[in-house]
Amino acid sequence: MIAKTPSAAAAETAPLDWFNVKNYGALGNGADDDTPKIQAAIDAAVAAGGGTVYFPTGAYAVTPTADGPALSIGGNGIRLVGASSKASTLVKKANGILLRMSGAPTDTSGSKHRRYCSIENLGFNGNGKTGLLLELYYNDNSYFRDVFMSSNNDLCIDAVEFWDSRFYNLVIEESTGTANSTTQPNVWLRNSSAMTGWGYSADNVNQIHFIGCRMEAFGTGALWITQGTAKTNNPNGIYLTDCKFETSRMQGGPHLKVDASCRHVYASNIYAYAGGFASGYSTAQNIIAWAGSAGALENVLIANNSSAATVNSGIDLYSGSGSTAVLRNVVGRYLTKPTGSHIYYEASSTGDFRVENCYANIGGQSGGTIPTKNQPNPPLRMVAGAVSDASFTHTPADGTLAVDSTNRRLYVRVNGKWLSTALS
């Protein structure tokens, strides 16, 4: 009886929709170029109508070219899966795009988008090269879980006309961007990256979730959400929850940026740490630039250390016409005070502000053009804490305040304490 080789035996027992890259000749030794073998496995999954491309433990060297990415997903329903995000890694061997998961351009109907693809338990190592790790243009309904990206000298993920997708436990480390760049955040969600051709869109980015993600040691920002190059349409429906943005490699640009074109962006439970600068840089930065409408920034801690003045303003805040900029529980815990203020109000703002329980432990609390309160409809509403009760006529339950029979006094309970305000 002739013994079967391990690869032949694995091929017999693997599901028909399971494409092990080693069965297509990939070695995963970090040295030999595995690009054509991995692409063959991806193409086989596409030809089968979809399936899982599996990467056993190993470092898979892939090589972009001047003409295109190292790897490209040319069909829908493709799932790239590794043994774990640190055990199975794609390593970029030249400058350029590592993986393209993009559909046909300027297809606002979405019918030609790249769709229903995912990446799970897989690592991407930029190896100090330039070019994207992951391009998501004209894409929707994609899914990313337990993905680890590192050591890219550029943007890591660029998304244009990107819809209805989720990131869970995305981790990006030591991806700083090139020297002197201020426009290479780890992740950039934008409507367009070009005025014409590839990367242009008249549509938008919408309904994207980041849950439990961590970005560290970036140079020019962690996550930006903007309109992009072509000034059309509005990014909307972006949700950030339980995320960490921390760096000691600052060279320019905010950790988190939401520009004035954005609508319905909600960020909650965010930690932003500005620890220090990249070599040769020393200019304090705004840590969060918040300008979107119909959204909120809440439960945020911004911190730094005592070695350098890394923070200009904790929040650079703008409110546009017909909108209210909402901050709740945005706290600065600074060991070195900001060179500006914890919250900076942009002079060009034309909308309203609601700022609730936001403060810093040291330094200026507010700066810029602070809206005044003495208008019929005050544009700035400052609330010290959570208001749990309010009454014009009823004695508070604890009996500490008497009923005002003339009904000219408002009683409120803020952070558990009853206060009263005379009404004119």
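Of the 424 residues of the protein chain, 51% count as buried. The model is predicted. The exercises below work through it.

**Exercise 1. The overall make-up**

Task: State how many helices and strands the protein chain has, and what share of its contacts with a separation of 6 or more comes from residues 24 or more positions apart.

Solution. 
- Step 1. Count the elements. The protein chain holds two helices and 33 strands.
- Step 2. Turn to the contacts. Among those with a separation of 6 or more, 77% join residues 24 or more positions apart.

**Exercise 2. Helix α2**

Task: Compare the span of α2 with the expected value, and list its buried residues.

Solution. 
- Step 1. Get the length. α2 runs over residues 35–47, which makes 13 residues.
- Step 2. Check the span. From first C-alpha to last, α2 reaches 18 Å, close to the 18 Å expected at 1.5 Å a residue.
- Step 3. List the buried positions. They are Thr-35, Ile-38, Gln-39, Ala-41, Ile-42, Ala-44 and Ala-45.
- Step 4. Recall the helix geometry. An α-helix has 3.6 residues a turn, so residues three or four places apart point the same way.
- Step 5. Look past the end. Gly-49 follows α2 and has a positive phi, near 90°.

**Exercise 3. Ser-118**

Task: Decide whether Ser-118 is buried or exposed, and name its contacts beyond four places in sequence.

Solution. 
- Step 1. Locate the residue. Ser-118 sits in strand β10, residues 118–125.
- Step 2. Apply the cut-off. Buried means under 20% relative accessible area. Ser-118 has 8%, so Ser-118 is buried.
- Step 3. Name the contacts. With neighbours within four places left aside, Ser-118 touches Ile-78, Arg-79, Leu-80 and Tyr-143.

**Exercise 4. Cysteines**

Task: Give the number of disulfides, then the accessibility of Cys-156 and Cys-358.

Solution. 
- Step 1. Apply the rule. A disulfide needs two cysteine sulfur atoms within 2.5 Å. The count is zero disulfides.
- Step 2. Check burial. Cys-156 is buried, at a relative accessible area of 0%. Cys-358 is also buried, at 14%.

**Exercise 5. The nonpolar cores**

Task: Identify which residues touch the most other members of the largest nonpolar core, and list the contacts of Leu-170.

Solution. 
- Step 1. The largest nonpolar core has 83 residues, and Leu-170, Leu-189, Phe-210 and Trp-290 touch the most other members.
- Step 2. Follow Leu-170. Leaving aside neighbours within four places, its contacts are Val-147, Met-149, Ile-157, Val-187, Phe-210, Cys-213, Arg-214 and Met-215.
- Step 3. Look beyond the largest core. Another core lies apart from it and has five residues, including Leu-132, Leu-155, Trp-188 and Trp-224.

**Exercise 6. Aromatic pairs**

Task: Count the aromatic pairs, then classify Trp-188 with Trp-224 and Tyr-345 with Phe-353.

Solution. 
- Step 1. Count. There are 13 aromatic pairs.
- Step 2. Classify the tryptophans. Trp-188 and Trp-224 are 5.3 Å centre to centre with 80° between the planes, an edge-to-face pair.
- Step 3. Trp-188 belongs to β15 and Trp-224 to β18, residues 223–228, so the pair ties together parts 36 residues apart in sequence. Both Trp-188 and Trp-224 are buried.
- Step 4. Classify the second pair. The ring centres of Tyr-345 and Phe-353 are 5.1 Å apart and the planes stand at 85°, so this pair is edge-to-face.
- Step 5. Check burial. Tyr-345 is buried at 0% relative accessible area, and Phe-353 is buried at 2%.
- Step 6. Find the cluster. Ring pairs join Phe-144, Phe-162, Phe-167 and Phe-210.

Definitions and conventions. Residues are numbered from 1 along each chain as its sequence is written. This is a predicted model: local features need pLDDT of at least 70, side-chain atom pairs count only at pLDDT 80 or more; totals for chains, interfaces and linings use all residues. Side-chain values use heavy atoms; hydrogens and water are left out. Helices (H or I, at least four residues) and strands (E, at least two) are DSSP runs, numbered from the N terminus. The expected span of a helix is 1.5 Å times one less than its number of residues. Buried means under 20% relative accessible area, exposed over 50%, partly exposed in between (1.4 Å probe, protein chains only). Contact means heavy atoms within 4.5 Å. A nonpolar core is a set of buried Ala, Val, Leu, Ile, Met, Phe, Trp, Tyr and Cys residues joined through side-chain atoms within 4.5 Å. Rings of Phe, Tyr and Trp (its six-membered ring) pair if their centres lie within 6.5 Å; planes under 30 degrees apart count as stacked, over 60 as edge-to-face and the rest as tilted.
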